[in-house]
Amino acid sequence: MICWLNPACHNPPNPDGTMFCTNCGIGLVVLRNRYRPIKALGGGGFGKTYLAEDIDKLKEKCVIKQFAPQVQGTAALQKAKELFEQEARRLQQLGDHSQIPTLLAYFEQDNRLYLVQQFIDGQNLLDEFKQQGKCSEQKIRELLLDLLDILKIVHQHKVIHRDIKPENIIRRSSDRKLVLIDFGASKQLTATIMSGQGTTIGTFGYAPLEQMQGGEAYPASDLYSLGATCFHLLSGINPWEFWKKQGYGWIHSWRQHLQQSVSLELGRILDKLLEEDYQQRYQSAGEVLQDLNPAPPSVPPTVQPPQSSSPSPTPPSPPPALSTRQKGKLKNPLLTGGVILLLGLVGTEIYGYFRYEVFPVNPIFLITSPPSSFFLKTTLTGHTSLVYSVAISPDGKTLVSGSGETIKIWNLQTGKLKSTLTGHNDRVNSVAISPDGKTLVSGSWDKTIKIWNLQTGKLKSTLTGHTDWVFSVAISPDGKTLVSGSWDNTIKFWNLQTGELQSTLTGHNGRVNSVAISPDGKTLVSGSWDKTIKIWNLQTGELKTTLTGHTNWVNSVAISPDSKTLVSGSEDKTIKIWNLQTGELKSTLTGHTNSVNSVAISPDGKILVSGSWDKTIKIWNLQTLELKSTLTGHTNWVYSVAISPDGRTLVSGSRDKTIKIWRMP
């Protein structure tokens with residue numbers, strides 16, 4: 001059978017001797033009068049992969065990768081073309097190894113680029129797993145020994161593979177050896193930091209934190225992916241299934257998902273391979289091999305004379321090129337820039353970034369502009385009651401959470417608890433931080449508002465005046481005015497410096513659930529149990545307009561950075577988008593299956609986040625109003641959400657007593 005090199009054709013089987021494709025009518029092409037495609041293996045969009053015959057070598061099988069973008073002339077495609085060539089050079093560099101495919105040719109023909117490489121006759125480990133089931137510990141040890149020897153050579157050449165997973169490992173039929181394939185995602189490890197921070201590449205579930213968070217890649221990054229691969233083959237569970245729900249949390253409890261236990265020795269090795277912090281992992285393949293094959297204890301000469309002893313095997317030494325980077329001393333991050341193309345894969349543009357897939361269950365993500373979704377970085381436990389409110393400091397370093405009668409201060413970067421503030425004698429329902437990051441304000445069911453020094457945790461003053469629960473607090477952009485909303489149906493204005501009550505606004509005929517101040521400092525918005533939203537002049541306290549449209553109470557309001565758009569979340573399960581200047585209802589978003597309890601807008605005004613009693617967080621494009629993703633992981637109602645000043649960190653507080661920190665890749 002034969003096939004045609006038309007990337008737009010689905011290549012139906014055509015009998016030998018056919019000169020034109022029965023589907024698209026394109027004529028047969030034999031590349032360089034030598035490489036004859038016989039079967040499409042996959043791909044589309046930006047390129048395809050074909051099984052082929054090398055006519056000059058008695059029809060020996062080979063693989064053709066075709067770079068055939070459907071869109072021309074953009075800088076992104078030019079960069080992709082450069083990186084297609086880079087993969088060819090990488091294979092040429094590494095192809096002397098018997099367990100890495102050999103580059104056979106790289107050329108341009110008919111205005112398309114082609115890469116021809118050795119065909120590996122065998123089955124990838126994912127397919128093998130589907131046929132044979134979970135691996136035994138002995139098979140995992142054999143896998144590690146085989147792959148670590150390959151990675152030693154790869155890393156000695158200062159190459160990081162960056163996409164190790166079962167699909168990219170083939171067991172060769174002829175000798176049962178493992179072959180590492182698909183270096184389309186690989187990167188040269190250099191001694192300098194490359195420009196263009198923010199590009200991310202790898203397979204979710206297998207890629208380590210440093211790859212997904214900042215585009216960094218080290219030898220230790222490949223070792224993490226190897227550990228995730230071992231877990232998949234031991235447990236039968238793709239780590240992607242855990243990753244999409246709990247981020248990297250699964251690596252701390254991987255043993256719980258095994259049906260058969262592993263030895264203490266292998267368990268320790270996998271623990272170290274799967275360390276979240278790359279500096280705590282093995283730093284070289286040689287180090288892992290040493291733990292897999294420890295040198296036998298030395299034998300006294302009187303028991304076994306040297307002349308009759310067998311030489312002890314010498315543990316493999318770390319690659320010389322990496323000797324200065326052992327034990328966490330690898331400091332130079334590899335930051336990829338521009339656009340990276342994963343060769344021979346399917347490519348589609350989604351929300352401004354590219355997604356390439358080999359297998360739909362294992363998406364490979366490549367991000368060339370700010371992405372639209374978050375992954376779970378960590379879960380903070382420590383509160384013994386429901387987490388009702390969260391806030392992030394203006395410098396993005398500190399997280400504040402309110403739960404029960406306490407307030408906790410956390411280091412947002414490390415997740416470390418810094419201090420616990422006590423003083424309220426009932427539930428803390430709302431917290432806010434002043435624009436200078438020095439003052440913390442909390443509102444409570446004890447009907448009081450407390451003002452704290454955020455740096456020292458010292459209580460500065462307690463404000464009284466409300467006759468029912470204080471449900472929401474907000475601070476003006478100039479840091480001078482504090483606004484509080486209460487279930488006594490009123491809104492109060494306070495001088496934040498002196499604590500003096502300035503005025504009380506009445507107008508709602510139901511409990512005030514939420515208050516928000518516009519970034520320009522001119523407007524106050526309040527949402528109430530009376531199903532309305534009221535817009536007030538912040539300077540005068542004058543009621544400007546009342547918005548109706550929700551069919552149940554309004555739980556949360558938020559204002560865009562340009563002070564033009566208002567967002568409201570309601571018990572009616574909807575989110576409404578309003579023009580803040582005119583009061584016009586622009587759109588209603590549906591998707592949550594329970595009350596929308598909290599809404600937040602990113603600093604650039606492009607992303608809307610909503611937290612719901614349906615236990616989910618939804619990410620929306622505020623400009624197109626399209627739902628981008630749904631985050632799951634909380635096991636109970638989501639009460640509060642907040643976005644960091646850089647827009648890359650999302651924090652959520654829940655009835656499940658936890659705080660989850662989500663990051664953009």
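Lysine 158 sits in the loop between α3 (137-156) and β7 (159-160), with helices (H or I, at least four residues) and strands (E, at least two) taken as DSSP runs numbered from the N terminus. This is a predicted model, where local features need pLDDT of at least 70, side-chain atom pairs count only at pLDDT 80 or more, and totals for chains, interfaces and linings use all residues. Residues are numbered from 1 along each chain as its sequence is written, and side-chain values use heavy atoms, leaving out hydrogens and water.

**Positive phi**
- Most residues other than glycine have a negative phi.
- Lysine 158 isn't a glycine, yet its phi is positive, at about 60°.
- Lysine 158 is partly exposed, at 35% relative accessible area (buried is under 20%, exposed over 50%, partly exposed in between; 1.4 Å probe, protein chains only).
- Lysine 657 also has a positive phi, near 75°, and lies in the loop between β41 (649-654) and β42 (659-663).
- Lysine 657 is partly exposed too, with a relative accessible area of 38%.

**A four-stranded sheet**
- An open sheet of 4 strands runs in the order β28-β29-β30-β31, with antiparallel pairing (strands pair if DSSP finds at least two bridges between them).
- β28 (512-517) and β31 (543-547) are the edge strands with a single partner each, so one side of each has no neighbour in the sheet.
- β28 and β29 (residues 523-528) are joined by 5 bridges, and serine 514 has glycine 527 in β29 as its bridge partner.

**The whole protein**
- The protein has 8 helices and 42 strands.
- Of its 665 residues, 57% are buried.
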